Amino acid sequence: MATLEIHDLHVSVEADNASREILKGVDLTVKQGETHAIMGPNGSGKSTLAYSLAGHPKYTITGGTVTLDGEDVLEMTVDERARAGVFLAMQYPVEVPGVSVSNFLRSSATAIRGEAPKLRTWVKEVRETMERLHMDPAFAERNVNEGFSGGEKKRHEILQLELLKPKIAILDETDSGLDVDALRVVSEGVNRVRETGEVGTLLITHYTRILRYIKPDFVHVFAQGRIAESGGAELADKLENEGYEAYVKGGVTA
Amino acid sequence: MAEAQNIPVGSTTTGSIAVAAESTVATRMSAPPSYDVADFPVPHGREEEWRFTPLERLRGLHDGSAVAADGAVTVEVTAPDGVTVETVGRDDARIGKAGVPVDRVVAQAYSSFEKASVVSVPKEAVLAEPIRIAVRGQGGTAYGHQVIELGAFAEAVVVMDHSGDGVLAANVDYLLGDGAKLTVVSVQDWDAKAVHVAQHNALIGRDASFKSIVVTFGGDLVRLHPRVEYAGTGGEAELLGLYFTDEGQHQEHRLLVDHNTPHCKSNAAYKGALQGTDAHAVWIGDVLIRAAAEGTDTYEMNRNLVLTDGARVDSVPNLEIETGEIAGAGHASATGRFDDEQLFYLMARGIPEAEARRLVVRGFFAELVQQIGLPDVEERLLEKIEAELETVS
């Protein structure tokens with residue numbers, strides 16, 4: 001069973017010629033089949049955790065370990081991490097001019113699966129997955145994220161999640177900027193992947209709204225660069241009622 | 001009728017759209033067109049037509065100090081049966097009919113060449129095989145003149161290949177008879193130190209169609225003027241271009257389509273990728289719709305993809321319209337960067353770095369390459385693009 005283990009992770013960014021520590025010792029274990037919601041106020045370091053796990057060059061790991069089934073994730077390049085089974089659904093996916101969605105998906109699937117998917121089954125697989133996400137087939141011929149609406153970008157991220165079948169899926173504020181209909185469609189996509197039991201999900205969100213569609217096994221409150229409190233789904237209800245105020249003011253320290 | 005779209009991103013991309021009573025395309029040149037080099041002052045670099053060009057790298061082509069040497073450039077023409085290939089003297093009547101040199105270097109070429117090559121396709125001949133013209137630099141300086149002439153309703157494909165090392169200034173005339181169809185591929189695949197300046201003039205007969213594909217990869221400095229004029233109504237011109245500008249290279253394409261005749265069409269689409277320090281691409285797209293040219297339909301587009309830091313693009317589309325009675329006119333220019341965030345995104349989906357770059361560049365050029373319509377040329381270009389990408393660090 002795939003397990004992602006994060007131990008005492010410290011991460012800094014360089015800004016204005018100074019190094020600023022954002023993650024200050026994160027401990028978290030995500031197993032295949034589990035869903036962990038990471039909630040927290042803006043600036044608490046949630047997205048930094050997501051991008052650090054994917055290997056974004058902007059972030060410098062200054063301490064701690066991350067392993068996937070015992071393999072050192074931090075030693076891997078960005079593409080190696082993806083091929084090892086780590087997937088990051090991005091909050092702000094970038095435009096890639098000149099590369100069509102269909103070409104991108106196929107190149108990606110070929111890299112992740114280690115061989116080019118057979119054309120006939122692949123076309124069917126993409127088409128059916130797009131239908132379930134209520135995406136127009138014409139979408140496949142557009143350039144990656146170019147001119148996509150916010151909702152289209154998120155659907156496209158979840159389309160990739162469904163096609164690439166990672167071991168660990170990190171969803172970075174996938175719910176932000178979505179209306180209720182889009183949120184439902186996107187959540188259904190995430191749930192289809194979860195129901196296979198083969199993915200460990202790290203659901204990063206600012207709001208409890210998405211948790212009505214995607215039920216977490218664990219909820220962690222992120223504050224000031226570390227996990228301030230962990231609990232079950234009931235912790236989300238508490239956050240819904242009380243907000244992050246107690247954490248922001250430094251009232252709780254781990 | 002006119003629409004303008006201009007999205008500058010990255011380095012300088014400027015555009016203008018003007019509705020003018022008289023042409024400024026002609027007047028903003030520092031001297032009117034002429035066959036005689038003496039009619040052009042030696043440029044100092046601040047003139048509108050020279051401001052992007054590093055004069056010191058022209059190897060004396062601009063100031064009269066470049067002296068031609070025998071055998072500096074060889075020209076080999078391979079043509080199917082029925083095509084006449086001649087080497088003629090300066091007094092041949094077919095020379096210089098398609099256009100007049102517009103700057104000092106091409107006027108120098110016109111004033112200095114000794115023999116011209118004339119390739120003629122007789123009227124109504126439809127060639128099954130392309131005419132191939134291999135222009136090979138052997139070091140040294142040369143001035144050249146090439147004429148390609150199609151009789152009425154003739155159809156031909158010409159592939160002109162430039163390779164080797166040398167300094168070449170030349171004029172190329174394309175004369176299309178009524179109803180003729182000519183496709184010309186001009187590939188600039190020079191060695192690293194070569195300098196190539198040329199004016200390509202197409203004179204398009206009534207109901208004739210001209211398709212030009214300009215492909216520039218090599219050379220230290222390449223500066224080309226693809227130009228189109230119409231000799232009768234119903235003419236069509238399609239000007240496609242593709243360039244891959246590497247570290248230190250200067251590649252400049254200065255187009256002019258002169259809609260001087262009613263009911264003609266033109267479409268220009270140039271795309272370039274740049275990589276490396278001091279890679280410099282210049283694209284000037286001048287389209288002039290004269291008062292007489294009612295029913296004109298024209299569009300021009302330039303796109304650039306900057307792959308690394310330190311490259312520079314100057315893209316200037318310019319559309320001047322002297323009549324409102326046209327079918328359509330528009331232009332677009334955009335310069336985008338392939339940046340670290342795009343690379344991260346593709347790699348985060350398992351795609352290795354080198355492949356990510358290939359994907360982006362191939363995708364960028366694919367749409368244009370598909371419009372060429374000559375499978376062997378298309379394949380060769382894609383291979384060449386792959387080879388260029390291998391040099392990315």
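This is a predicted model: local features need pLDDT of at least 70, side-chain atom pairs count only at pLDDT 80 or more; totals for chains, interfaces and linings use all residues.
Residues are numbered from 1 along each chain as its sequence is written, and chains are lettered from A and ligands numbered from 1 in the order in which they are written.

Colleague: Why are helix 5 and helix 6 of chain A called roughly parallel?

Modeller: The axes of helix 5 (residues 150-164) and helix 6 (residues 180-195) of chain A cross at roughly 10° and come within 9 Å. Axes are lines fitted to C-alpha atoms, for helices over the stretch in contact, with angles from 0 to 180 degrees between N-to-C directions. Angles under 35 degrees count as roughly parallel, and the two helices of chain A are therefore roughly parallel to each other.

Colleague: Which residues make that contact?

Modeller: Among them are A:I158 and A:L161 of helix 5 of chain A and A:V186 and A:V190 of helix 6 of chain A. Contact requires C-beta atoms, placed from the backbone, within 7 Å.

Colleague: What makes up the contact between chains A and B?

Modeller: Chain B contributes 19 residues and chain A 21 residues. Helix 3 of chain B gives the most to chain B's side, with seven residues; helices are DSSP runs (H or I, at least four residues).

Colleague: Which UniProt annotation covers residues 137-364 of chain B?

Modeller: The unreviewed UniProt entry gives "domain: SUF system FeS cluster assembly SufBD core"; such annotations may be inferred rather than shown by experiment. Over residues 137-364, chain B is 9% helix and 62% strand (DSSP E, at least two residues).

Definitions and conventions: Two residues are in contact if their C-beta atoms, placed from the backbone, lie within 7 Å. Angles under 35 degrees count as roughly parallel, over 145 as roughly antiparallel, 65 to 115 as roughly perpendicular and the rest as oblique.
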